[in-house]
Amino acid sequence: MIAAPVQEKGYNLRLYVAGQTPKSMAAIANIRSLCEQYLPGRYTIDIIDLMKDPALAQRHQIVAIPTLIRELPEPIRRIIGDLSNTQRVLMGLDLDEPGQFA
Amino acid sequence: MHTPNIPLAKVSSGIFKARTGVAGLDELTGGGLPGGRPTLVCGAAGCGKTLLAVTFLYNGAANFGEPGVFMTFEERPQDLIKNVASLNYDLDRLIKENKLAIDHVRVERSEIEETGEYDLEGLFIRLGYAIDRIGAKRVVLDTVEALFGGLSNQAILRAELRRLFEWLKDKGVTAIITGERGEGQLTRHGLEEYVSDCVILLDHRVHEHITTRRLRVVKYRGTAHGTNEYPFLIDDSGISVMPITSAGLDHLAPDERISSGIADLDAMLEGGGYFRGSSVLVSGMAGSGKSSIAGHFANAACRNGERCIYFALEESPAQIIRNMRSIGLDLQQWVDKGLLRYAAHRPSLFGLETHLATMHRDVAEFQPATIIIDPLSSLLHAGDRNDAQAMILRLVDFLKSKEITAVFTSLTHGNVEHAMTDMQVSSLMDAWLLLYNRESNGEHNRQLYLIKSRGMAHSNQVREFVMTHEGIALREVYVGPEGVLTGSARIAQEARERERGMQLKHENERRNFDFTRRRRRIEAQIEELQSQLADEEREFSALTAEASAHDARASEERARMGQSRRVAAPSSKK
C-alpha cells in the first residue's frame with residue numbers, strides 16, 4: 001500500500017473501510033488519485049478494513065465509513081465520505097493553499 | 001394440548017421481559033423491558049436517563065447473567081464509573097470480568113470534514129464487536145442523539161439510525177436508547193419514530209420550589225402497563241420507582257387483631273385492637289395526644305417482636321423518644337434492638353410524591369409489620385390536594401397489599417365538624433379515632449371518640465383520655481344533662497358519688513348497730529326467762545319431794561297406830 005517514501009513534510013494517511021462496498025472502493029480510488037496528483041512521492045496510505053480488524057474501530061474512534069485520517073502532519077484531521085469532492089478533501093487535508101503545492 | 005396456567009400477560013404478548021432490577025419499574029411493566037428490543041428512555045437533562053440505563057446494565061451483568069455494552073456519546077467512561085461508584089456499582093470489576101464493556105464514541109464536528117457519501121458502519125462494527133466479545137445481551141446507547149451534533153448530513157444519519165435499531169433487534173439484544181426531551185415531541189430529534197416497542201418518559205418538575213421526579217411508560221407494545229405517572233427517587237441506593245399499580249382492591253382482609261398498645265382502647269375495639277393490615281387515622285387538634293397514641297402502637301408492635309417504621313415529619317426522633325419517656329414508654333430500647341426505625345424528613349424538603357416514594361422504599365427495605373406516619377396532614381400540604389389524595393390512596397393500597405398495619409396521625413383545626421383534611425382521607429381509612437379538647441369549667445380536657453372501625457362492633461362511647469406516667473388511660477365519662485363530664489367536673493362528680501356511697505355506708509352501719517343492740521336485748525330477755533323457768537322448776541321439784549316424803553311418813557304413822565290399837569282391843573273383848 002505504500003506508494004512512495006516519505007519526504008520532508010510527508011503525509012501519513014489512513015483510510016478506514018468496511019469490506020468491498022462501492023463507497024469504500026470509490027474512496028480508495030479517490031484518495032489514491034488525489035495523492036498522486038497533489039502529494040507525489042511524499043505520502044503513505046494505510047487502508048484498514050474494519051471487517052477484518054473490528055477492534056480498531058473503537059481504538060481509533062471510527063464512526064463513519066469511509067473515514068480518512070491524516071496522522072501527519074499534525075494536527076490530526078478526519079475526513080468522512082467517499083472523498084468524491086476533491087476540493088473538500090484538499091481543504092480537509094489543508095492542501096488547498098497554493099504554497100502547499102509542490 | 002394442555003395449556004399450563006401461565007399469567008395472561010405473558011401468554012398474550014409472546015415476548016420475554018428483561019428485568020431492569022430497578023425497584024418498582026419491573027412491577028410497573030409486568031416484568032421488565034421488552035426483551036430483545038430497543039426501549040427509548042427520554043427526558044430532560046439531569047432527569048436520570050443515564051442512571052436508569054447504567055442500573056439496567058449493571059443489574060443485568062451483576063445479577064441476571066446478562067452482560068452488557070454501554071456506548072456513551074457524551075459522558076467519558078471514567079466519569080461514568082466514578083458517578084455510579086457511590087451506589088456501589090463496581091463497573092471496573094465487571095469490565096475486568098468481561099461482563100461489561102464501555103465504549104466512548106466521540107464525534108467532534110470541528111474535527112470532521114464531510115465529503116460525499118458515507119454510512120455509520122464504523123459504529124455498527126464497534127458495537128457488534130463489543131457485543132460479540134463479551135456475549136452481551138444488553139446494550140445502552142447514551143445519548144445517540146449526540147450524533148446529530150457531530151454529523152451534518154441529517155438524511156444519512158436518520159437512515160443509519162433506523163438501520164441501527166433494526167440491527168439491534170436482529171442481534172436480539174435488549175437495548176436502552178436515551179434521548180433528550182424535545183419541544184412538542186418526546187425527543188429532540190424524533191427518535192420515537194424509530195423505537196416503537198417501548199417508550200419511557202422521565203420528568204422532573206418543580207412545584208413550589210420542590211422537585212419531584214416522575215416516570216411514565218408512554219408506550220409498551222404487547223403489555224398492559226400502568227399509564228400513570230409514577231414518582232421515582234434517585235438517592236444513595238439508586239433509582240426506585242413507586243409502582244403502586246392498579247392492584248386496587250384485591251388485597252386480603254385478615255381477621256387477625258393487633259393491639260393498639262392501649263388496653264382501654266383495645267377494649268373499645270371489641271377487646272382485640274385493630275385488624276392487621278388496616279389503616280387507622282388518628283386525628284385531633286394540637287396537643288390532643290395523637291403522637292402518644294402512635295407511640296403506644298409502636299411500643300406494642302415492638303414488644304411483640306414486630307418491626308415498625310416511624311415516619312416522623314414534624315419532630316426529630318430524639319424528641320419523640322424523650323416525649324414518650326415522659327408517659328412511661330421506652331422506645332429507645334426498640335431502636336437499639338433494631339425493631340423500630342425512625343425516618344425523619346421535613347415535609348417541605350421533598351414533594352409529596354418523593355416522600356411517598358421514600359416511604360415505599362423504606363418499607364420494601366425494612367419489611368415492617370406496622371408503620372406510623374406522624375403526621376399525615378403535613379404531607380397533604382406538601383402537594384396539590386387531589387394529588388395528595390391519590391398518592392395516599394396508593395400508599396394505603398400498597399400497605400394493605402403487604403398486610404402492614406398503619407397509623408396515620410392528622411392535625412385538625414377546630415372541632416369534629418371542621419376536620420376537613422380528614423374528610424379527604426378518612427374514606428380510605430378502616431378506623432378513625434378522633435381526639436379533641438373540650439373546654440369546660442375553665443379547663444381543656446382530652447376526649448377520645450371512635451368514629452368508625454370497619455368490620456367490628458366497636459364502642460360508641462366517648463372516653464376521657466388521660467396521660468399518666470404509666471401511659472395512656474381511657475376513663476369512662478359521665479353523661480349528664482350538660483353533656484359529658486370530664487376533668488375536674490368528672491372528679492367532682494366522682495366525689496359526689498363517693499360521698500353518697502359514704503352516706504349509704506354509714507346508714508348501713510347504723511342499722512347494723514341497731515339490730516345488734518336489739519338482738520342483744522332480746523337475747524338478754526330470753527336468758528332471764530330461762531333462769532326464771534329454771535327457778536320455777538327447782539321450786540316445783542322441791543315441793544314434789546316434800547309431798548312424797550310426807551306421804552311416806554303418814555303411812556308409817558298409820559301402821560304404827562294400827563299395831564297399837566290391835567293390841568289393846570282383843571284383850572278387852574275376850
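Guide: One term before we start: a residue is buried if 20 or more other C-beta atoms lie within 10 Å of its own, and exposed if 12 or fewer do. Also, keep in mind that this is a predicted model.

Visitor: OK, then how much of chain B counts as buried?
Guide: Of its 574 residues, 42% are buried by that count.

Visitor: And how many helices and strands does chain B have?
Guide: Chain B has 17 helices and 25 strands. Among its contacts with a separation of 6 or more, 71% are between residues 24 or more positions apart.

Visitor: What order do the strands of the 9-stranded sheet in chain B come in?
Guide: The order is S17-S16-S18-S19-S15-S20-S21-S22-S23, in an open sheet with mixed pairing. S17 (340–344) and S23 (471–476) of chain B are the edges; each has a single partner strand, so one side of each has no neighbour in the sheet. From one strand to the next, the twist averages 25°.

Visitor: In which sense do S16(B) and S17(B) pair?
Guide: Parallel, over 5 bridges, with S16 covering residues 308–312 of chain B. Within that pair, Ile309(B) sits opposite Arg341(B) of S17(B).

Visitor: Which helices pack on that sheet?
Guide: Helix H13 (residues 352–366) of chain B is one of them; it touches S16, S17 and S18 of chain B, and its direction makes about 160° with that of S16(B). Helix H10 (residues 290–303) of chain B lies across several strands, including S15 (279–284), S18 (370–374) and S20 (431–440) of chain B. H10(B) runs at about 165° to S18(B).

Visitor: New topic: Tyr274(B). Buried or exposed?
Guide: Buried, because it has 26 C-beta neighbours inside 10 Å, and the cut-off is 20 or more. Tyr274(B) belongs to strand S14 (residues 274–275) of chain B.

Visitor: What does Tyr274(B) touch?
Guide: Leaving out residues up to four places away in sequence, it touches Arg257(B), Ile258(B), Ser260(B), Leu269(B), Val280(B), Thr405(B) and Ala431(B). Arg454(B) is 180 residues away along the chain, yet its C-alpha is 9.6 Å from that of Tyr274(B).

Visitor: What about helix H3 in chain B: how many of its residues are buried?
Guide: 13 of 14, so H3(B) is largely enclosed by the rest of the structure. The helix covers residues 49–62, and its end C-alpha atoms are 20 Å apart, which agrees with the 20 Å that 14 residues should span at 1.5 Å a residue.

Visitor: And what joins S11(B) to S12(B)?
Guide: A hairpin, through 2 residues. S11 (residues 229–235) and S12 (residues 238–241) of chain B pair in the antiparallel sense over 4 bridges, and Ile234(B) stands opposite Ile239(B) in S12(B).

Visitor: Let's go to chain A. Which residues of H1(A) are buried?
Guide: Lys23(A), Ser24(A), Ala27(A), Asn30(A), Ile31(A) and Cys35(A). Looking down the axis of H1(A), these fall within an arc of 130°, so they line one face of the helix.

Visitor: Why would they line up like that?
Guide: In general, an α-helix has 3.6 residues a turn, so residues three or four places apart point the same way.

Visitor: What do those buried residues pack against, and what's exposed on the other side?
Guide: They pack against S1 (11–17), S2 (43–49) and S3 (67–72) of chain A. On the other side of H1(A), Pro22(A), Ser33(A) and Gln37(A) are exposed.

Visitor: What's the strand order in the sheet with 5 strands?
Guide: S2(A)-S1(A)-S3(A)-S4(A)-S6(B), an open sheet with mixed pairing. Its edge strands are S2 of chain A and S6 of chain B. S1(A) and S3(A) pair in the antiparallel sense over 5 bridges, with Leu15(A) opposite Leu68(A) in S3(A).

Visitor: How do S4(A) and S6(B) pair?
Guide: In the parallel sense, over 3 bridges, with S6(B) at residues 112–114. Glu114(B) in S6(B) is the bridge partner of Ile80(A).

Visitor: Last one: how many residues does the contact take from each chain?
Guide: 27 residues from chain A and 21 residues from chain B. The largest share of chain A's side, 4 residues, comes from H3(A). By class, that side has 16 nonpolar, 7 polar and 4 charged residues.

Conventions:
Residues numbered from 1 in each chain as written. Chains lettered and ligands numbered in written order. Predicted model: local features only at pLDDT ≥ 70, side-chain atom pairs only at ≥ 80, totals over all residues. Pairing = 2+ DSSP bridges. Axes fitted to C-alpha atoms, helices over the stretch in contact; angles between N-to-C directions. Contact = placed C-beta atoms within 7 Å. Expected span 1.5 Å × (residues − 1). Nonpolar A, V, L, I, M, F, W, Y, C, P; charged D, E, K, R; others polar. Arc of directions from axis to C-beta.
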